[in-house]
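Okay, thanks for having me, everyone. Have the sequence and the model up on your screens, and we'll walk through a few spots together.

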Amino acid sequence: MTEARTRFTILTADRLLDGSDVAARSPAALLFEDGRIARIGAPADIHAPAGTEARRFDYGDATILPGLVDAHTHLVAPGDGTLGDDIAREDDDLLLLRAAKNARTLLHSGVTTLRENGAKGKVAFSLREGIRRELAPGPRMVICGRPIAMTGGHMGYFGSEADGEDAVRAEVRKLLKEGADYIKISATGGSTRSSNPNRASYTVAELVAITDEARRHDKLTAAHCTSAQGVQNCLDAGVDMIIHCIFNEPDGSYRYRPELVERLVAARAWVNPTLYVQKAGIDRQREVREAQGRLTPELSAELDLARRALDVKVAAVGRMIEAGVRMTAGSDSPWGWYAPGEFVHEIDMLAQAGLSYGDAIVAGTAGAADSIGVGHVAGRLAPDRPADVLVVRGDPTREITALWKVLDVFQAGRRIERHVA
């Protein structure tokens, strides 16, 4: 739930991060008026207009920062290891209820904007509209509706399979007619049982048809890519964001591709590496199987192999960061074993890969907002912008895990009533 919005609200804390890469303002105060940011400054300089009263929140040793922006979610998933193939068999009404529950969980954790990367049927459209009408609490949603996939391709089970240049172009038009904010492409296989994650799904000509049609309508594109050929094809077609960005060969081996990294930099493409979803799968499978007494030597060896592959990927992301690739934070939760409401893990993993704490926070606020096309309304604190605000105990630029210590979340100036155990 959210509290009723009062006209003026003042927040004070020892520091404020505005979502940019500038140093924190310390100490700091923030004034809301009618759900928007009116002023930012030193506490002594921030007051409600003469003759009015303001509700005050004085946090002390805390940090005020923009509401987090998660650039990659799948709200229909439970986060318990259930495969997408099995999720797609569930009734849409149950998926909508789960998605609404997950949206509330994300909001309570500090995520005030998200990009939904694919749901079944019209579930994402319904949830976005329900949140807009205040029928359910949740972050601002940027949605693709459903990913466009080849027949039998990754996430094709959600309802947007298309093959050939004419068909994929028509599918873009269909999704935009339904209200999609951007176009998601399954450019390679993935965890879908009938797909191969190490091979490209679409030809360059098919991808060009998708990106061309999206641009005709001023829409961004993003592509799931877990093979080097898929990344290359998407760069050839001018895709705006490469998701996962894994340089696997058709035989499943990995080879870092500096020439593709150079192209990513030159194209100013965004990369959403989704690091923690893999770590969650490793750690939680081991935890669950050990608790059940079912951790076999074979599974243990498989998880050890996955851990080594993750280490390689983290190192590769570090090299991409050094090369100047633009990184955005998107969790991919609650897909696989990645539980909802734990976006901070992905921000932390980007820091482990090589971003400073400050830059990792930007990747989960202003950077993420820019990467999904909502930088004008989300991810930054500045006058005349929506008052979407997160307050955490401590200083996350010194210890990134402070982002877990949520004190308050404000959405359009309203304080969210969070249920904290």
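I'll go through a sheet, a loop, a helix and some charged pairs.

Quick housekeeping. This is a predicted model, so keep in mind that local features need pLDDT of at least 70 and side-chain atom pairs count only at pLDDT 80 or more, while totals for chains, interfaces and linings use all residues. Residues are numbered from 1 along each chain as its sequence is written, and side-chain values use heavy atoms, with hydrogens and water left out.

Let's begin with the sheet. Helices and strands here are DSSP runs, numbered from the N terminus: helices are H or I with at least four residues, strands are E with at least two. Two strands pair if DSSP finds at least two bridges between them. With that, we get an open sheet of 5 strands in the order 2-6-15-16-17, and the pairing is mixed. Strand 2 (15–16) and strand 17 (414–415) sit at the edges with a single partner strand each, so one side of each has no neighbour in the sheet. If you want one to click on, F410 has R415 in strand 17 as its bridge partner.

Next, find P27, in the loop between strand 2 and strand 3 (28–33). Leaving out residues up to four places away in sequence, P27 touches A13, D14, G41, A42 and P43, where contact means heavy atoms within 4.5 Å. P27 is also 34 residues from D61 in sequence and 9.6 Å from it in space, C-alpha to C-alpha.

Side chains of opposite charge can pair when their charged atoms come close. We call it a salt bridge when a side-chain nitrogen of Lys or Arg is within 4 Å of a carboxyl oxygen of Asp or Glu, and the structure holds 31 of them. In one of them, D61 meets R15 at 3.1 Å, N to O. That pair links distant parts of the chain, 46 residues apart: D61 is in the loop between strand 5 (55–58) and strand 6 (62–66), and R15 is in strand 2. D61 is partly exposed at 42%, whereas R15 is buried at 13%.

Now a local pair. E213 and R216 are both in helix 5 (residues 204–216), 3 residues apart, about one turn of the helix. Their closest N and O atoms are 2.6 Å apart in a salt bridge. E213 is buried, at 0%, but R216 is exposed, at 53%. Salt bridges with shared partners join R169, R173, D212, E213 and R216 into one network.

Last stop, helix 7, residues 258–267, where L260, V261 and L264 are buried. Why do they line one face? Looking down the axis, the buried residues fall within an arc of 105° (taken from the directions from the helix axis to the C-beta atoms), so they line one face of the helix. The face turned away from that side carries exposed E262 and A266. Covering the buried residues are, among others, helix 6 (228–237), strand 12 (241–244), strand 13 (270–272) and helix 9 (297–323). Just after helix 7, R268 takes a positive phi of about 55°.

That's my tour, thanks!

Terms used
Buried means under 20% relative accessible area, exposed over 50%, partly exposed in between (1.4 Å probe, protein chains only).
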